[in-house]
Amino acid sequence: MDPITLDDLKAAEQLVRRAMPPTPAFAWPLLAERFGLDVVVKHENHTPTGAFKVRGGLVYMDRLVRERPHVRGIVSATRGNHGQSLAFAARKAGLEAVIVVPHGNSVEKNAAMRAFGATLVEHGRDFDEARDHAVALAKERGYEFAASFQRDLVLGVATYALELFTDHPDLDVVYVPIGLGSGICGVITARDLLGLKTEVVAVVAENAPAYARSLAAGHVVETNTAASFADGMAVRIPNAEALRMIATGAARCVTVDEDAIAAAMRIYWTDTHNAAEGAGAAALAALGREAEAMKGRKAGVILSGQNVDLAIMAEVMAGRTPQAA
């Protein structure tokens with residue numbers, strides 16, 4: 001991936017700003033009482049698609065239209081938020097978006113992608129099988145394949161980190177969930193460009209541990225399953241480039257189990273009255289694991305998205321932990 005400069009990041013911020021305002025970064029007092037330290041929540045649930053991914057989609061689509069104006073459409077794979085991002089941006093650009101999702105994907109995320117104008121294709125048992133089919137479908141249709149990890153996406157989502165660090169440059173640590181890696185790589189990029197010393201902590205679901213195992217091994221380690229109800233983190237095959245950036249830029253990796261993720265979703269509701277999907281709550285779950293060691297420090301957590309199906313949210317709010325689809 002070509003290096004990203006501060007000028008690149010500021011230009012991307014202006015591009016994103018044409019479609020949406022900055023998202024809030026609030027220090028919630030009930031979270032401070034609960035964990036015994038200042039906790040700043042970056043509300044990426046407050047975007048036009050309900051998740052941080054929309055920023056990357058806007059930057060990707062802008063470059064595609066400028067540099068490859070002959071392209072008539074894009075194909076990609078997703079569990080939901082990446083697909084909504086591309087559908088949102090493609091509609092603005094006048095392009096078709098074909099999105100491949102695995103069988104059993106979130107009903108409500110599927111509906112949202114269709115509402116943003118995407119043509120939805122169901123294929124495979126998980127994200128990685130859907131991605132393989134999307135690559136083949138792009139070749140078949142003569143469309144651009146939009147990978148879920150690439151420079152445009154990292155640059156786009158890094159704008160939320162630029163907002164966060166501009167508002168709170170004194171953060172000691174920030175917890176970031178990992179799906180395929182664009183979010184945490186964006187945070188690392190912005191942190192480094194701004195010359196800050198903030199620790200970046202990677203957060204992985206215990207039932208989707210590919211990145212945790214890969215970081216421990218020092219190379220890509222694939223898993224056979226990624227059975228987390230936090231579908232935004234349910235990846236079996238890490239991206240090698242993302243892994244390198246995380247290995248060099250993150251202080252450590254924290255693994256959280258399904259019960260902790262569900263508990264964090266409830267905490268978000270009781271303490272801030274914000275909805276969080278599983279991946280969106282994972283960073284708070286990780287802070288909960290380390291709260292005792294973080295006393296006296298100022299922590300940031302990324303609420304990366306709120307797009308959770310009603311049935312899952314109802315189960316969580318009833319005090320139960322959902323099973324992966």
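Residues are numbered from 1 along each chain as its sequence is written. In this predicted model, local features need pLDDT of at least 70, side-chain atom pairs count only at pLDDT 80 or more, and totals for chains, interfaces and linings use all residues, while side-chain values use heavy atoms, with hydrogens and water left out.

**The sheet.** Six strands form an open sheet with mixed pairing, in the order S1-S2-S10-S7-S8-S9. Strands (E, at least two residues) and helices (H or I, at least four) are DSSP runs, numbered from the N terminus. Two strands pair if DSSP finds at least two bridges between them. S1 (25–27) and S9 (252–256) stand at the edges with a single partner strand each, so one side of each lacks a neighbour in the sheet. S8 (residues 199–205) and S9 run parallel, joined by five bridges. Ala205 stands opposite Val256 in S9.

Contact means heavy atoms within 4.5 Å. Angles run from 0 to 180 degrees between N-to-C directions, and axes are lines fitted to C-alpha atoms, for helices over the stretch in contact.

| Helix | Lies across | Angle |
|---|---|---|
| H8 (residues 182–193) | S7 (173–177) and S8 | about 175° to S8 |
| H12 | S2 (38–43), S7, S8, S9 and S10 (298–303) | about 105° to S9 |

**The helix pair.** H11 (residues 258–272) packs on H12 (residues 278–290) at about 90°, with the axes 8 Å apart. The contact residues include Ile261, Met265 and Tyr268 of H11 and Ala281 and Leu284 of H12.
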